[in-house]
Amino acid sequence: MNEQQLKQFLYIAKFQNISKAAKKLFMSQQTLSQSLQNFEKELGVALFIRNKNGVVLTEVGRKILPQSELLLTHIEEYFNFVKEQIKTNNSRTTIAIEEECLLTSIPSDLMLYASNANIDLYVQNSLGLCLNALADKSINIAYCYRPAELYNFSYIPVVKEVPIVMLSEHNPLIAKESLTIADIKNEGLLLPKFNYSSFTNSLVKAYAKESAYPIYAFESPDIATLIQMVRSNVGIKISPTYALEHFSLDGIVIRPLKTEDFLIEVGFLINSYQDLNANEIHFINLLLSHYNSELSIISEDNENVLEHY
């Protein structure tokens, strides 16, 4: 028994005429008649009684008709599901990246995996654009600083750490082993392009708590430019530690920023775990593993084991 035999049986039962059923199935009457005979032989029972007007169902035929309809529906649903999974695996996935500097938190081997797995990492340079894309479901995942408001999205934390301060080797503050907001309040502050993320919100709050304000703030999406400005002692840059390995630190000194009010939090925002395909789940798991996260990881069988914040 196969899908075509079930479909042919149902069409013949519907039209009570092999010739009409054959036309609807785009096959010859002779071919359909032979296929029906083979089906009846396989089942070991006659399904139709032939007469001069066409055919009518036997008692057995009438009894198995509802189950045949149900079985064909299940088979079609199964094949549609398989086709959708193949389409999903072969289609390209886009992960929105809040800003350019976050790419430095993704290791090179994982960038290569993304390319091979048809995952595009698209820099939005705006948290708002990431949230809008999630809301209209044009993407399933945004990789971003943890926003102050999650807007009913689920958040998967990846990095949570105390920031560091990048200073020129000519800056007198390098004499200190660690720095506070009070220490740097008279320094120029070099920032990635401003956005409404937890990074900027926490930084503003940390300065405000000390009634401190930088003498000026310069914003740029180009991290290399900001680091060169640090090297030239134009200002300081507050940064996560993951960014350090991607740039030359010649002429730059690193000091930890001691504050309880300012943490760098980076992670994934998603609509729902059920919407993620296998490649997306694997990408998230690989990045969590890279940072040795002690948090629960999304299981590969799509079970939701993380909380909805």
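Is F218 buried, partly exposed or exposed? F218 is partly exposed, with a relative accessible area of 34%. Buried means under 20% relative accessible area, exposed means over 50%, and partly exposed lies in between (1.4 Å probe, protein chains only).

This is a predicted model, in which local features need pLDDT of at least 70 and side-chain atom pairs count only at pLDDT 80 or more, while totals for chains, interfaces and linings use all residues. Residues are numbered from 1 along each chain as its sequence is written, and side-chain values use heavy atoms, with hydrogens and water left out.

**View 1. The protein chain as a whole.** The protein chain has 10 helices and 12 strands. Both kinds of element are DSSP runs, numbered from the N terminus: helices are H or I with at least four residues, strands are E with at least two. Of the 309 residues in the protein chain, 45% are buried. A contact means heavy atoms within 4.5 Å. Among contacts between residues at least 6 apart in sequence, 73% join residues at least 24 apart. The accessible surface of the protein chain is about 16600 Å², and 51% of that belongs to carbon and sulfur atoms. Accessible areas come from the Shrake-Rupley method with a 1.4 Å probe; for residues, only the protein chains shown count as cover.

**View 2. A nonpolar surface patch that includes F218.** F218 sits in strand β9 (residues 217-220). Together with I215, Y216 and V234, F218 forms a nonpolar patch on the surface. The four residues have about 340 Å² of accessible area together. Patches are made of residues with over 30% relative accessible area and no salt bridge; nonpolar side chains (Val, Leu, Ile, Met, Phe, Trp, Tyr) are joined within 5 Å, like charges within 9 Å.

**View 3. N271 and its surroundings.** N271 lies in the loop between β12 (264-270) and α10 (278-290). N271 is buried, at 19% relative accessible area. Its contacts, leaving aside neighbours within four places in sequence, are L134, K137, I139, N140, F153 and S154. A polar atom of the N271 side chain lies 2.8 Å from the backbone oxygen of L134. This is a polar contact: a pair of N or O atoms within 3.5 Å, where within protein one must be able to donate a hydrogen and the other to accept it, and residues adjacent in sequence count only if both atoms are side-chain atoms. N271 and I141 are 130 residues apart in sequence, yet 7.5 Å apart in space, C-alpha to C-alpha.

**View 4. The two sides of helix α5.** Which residues of helix α5 (residues 108-116) are buried? They are L110, Y113 and A114. These three cover an arc of only 100° around the axis, so they lie on the same side of α5. The arc is that of the directions from the helix axis to the C-beta atoms. The buried residues of α5 pack against β4 (119-123) and α10. On the other side of α5, S108, D109, L112 and N116 are exposed. Just after α5, N118 takes a positive phi of about 60°.

View 5. F26 has a phi near 60°, a positive value in a residue other than glycine. F26 is found in the loop between α2 (18-24) and α3 (29-43). F26 is exposed, with a relative accessible area of 80%. S211 has a phi near 50°, again positive in a residue other than glycine. S211 belongs to the loop between α8 (198-209) and β9. S211 is exposed, at 60% relative accessible area.

**View 6. Salt bridges.** Side chains of opposite charge can pair when their charged atoms come close. A salt bridge here is a side-chain nitrogen of Lys or Arg within 4 Å of a carboxyl oxygen of Asp or Glu. How many salt bridges does the structure hold? The structure holds three.

- E40 and R50 meet through their side chains at 3.5 Å, N to O. E40 lies in helix α3 and R50 in strand β1 (residues 48-51), so the pair ties together parts that are 10 residues apart in sequence. E40 counts as buried at 9% relative accessibility, whereas R50 is partly exposed at 42%.
- K63 and E59 meet at 3.4 Å, N to O. Because they are four residues apart in helix α4 (residues 59-90), K63 and E59 are separated by about one helical turn. Both K63 and E59 are exposed.
- K176 pairs with D183, with the closest N and O atoms 3.8 Å apart. K176 is partly exposed at 36% relative accessible area, and D183 is partly exposed at 24%.
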